[in-house]
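Thanks for coming. I will go through one structure today, starting with the rings and then moving to the sheet and the helices.

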Amino acid sequence: MAAQFMDVKQVAEYLNMSVTWVYKEAPKAGLTPYKFGRGRSAKIQFRASEIQMWIKQQRLG
């Protein structure tokens, strides 16, 4: 079964954050980006299951 990936815009919308935040801060916050391709045509994506696990870890209390 193939892993489900989300592009930067989808992640930003899902987390209600800006695209800039996803590029700059998400990796610092513990979300692992995956790079597909090379050069200017490279695509940065995130694994949907890892985003959901990260959200659960952000719970207060």
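How many aromatic pairs does a search of the whole structure find? Three. Here rings of Phe, Tyr and Trp (for Trp, its six-membered ring) pair if their centres lie within 6.5 Å; planes under 30 degrees apart count as stacked, over 60 as edge-to-face, and the rest as tilted.

Before the details, the provenance. This is a predicted model, where local features need pLDDT of at least 70 and side-chain atom pairs count only at pLDDT 80 or more, while totals for chains, interfaces and linings use all residues. Residues are numbered from 1 along each chain as its sequence is written, and side-chain values use heavy atoms, with hydrogens and water left out.

Take F5 and F36. Their rings are edge-to-face, 5.3 Å centre to centre with 80° between the planes. F5 belongs to strand β1 and F36 to strand β2, so this pair ties together parts 31 residues apart in sequence. Helices (H or I, at least four residues) and strands (E, at least two) are DSSP runs, numbered from the N terminus. F36 is partly exposed, at 39% relative accessible area; buried would be under 20%, exposed over 50%, and partly exposed is in between, with a 1.4 Å probe and protein chains only. Ring pairs join F5, Y34 and F36 into a cluster.

Now W21 and W54. The ring centres are 6.3 Å apart and the planes are at 50°, so the pair is tilted. W21 sits in helix α2 (residues 19-24) and W54 in helix α4, 33 residues apart, which links distant parts of the chain. Are these two tryptophans, W21 and W54, buried or exposed? Both are buried.

On to the sheet. It is open, with three strands in the order β1-β3-β2 and antiparallel pairing; two strands pair if DSSP finds at least two bridges between them. The edge strands, β1 and β2, each pair on one side only. From one strand to the next, the twist averages 45°.

Strand β1 (residues 5-7) meets β3 (residues 43-47) over three bridges, with D7 opposite Q45. Strand β2 (residues 33-36) is joined to β3 by four bridges, and there Q45 is the bridge partner of Y34. β2 and β3 form a hairpin with six residues between them, and G37 in the turn has a positive phi of about 95°.

Last, the helices. Helix α1 (residues 8-15) lies across β1 and β3, at about 90° to β1. Helix α4 (residues 48-57) packs on the sheet and touches β1, β2 and β3, its direction making about 55° with that of β3. Contact means heavy atoms within 4.5 Å; axes are lines fitted to C-alpha atoms, for helices over the stretch in contact, and angles run from 0 to 180 degrees between N-to-C directions.
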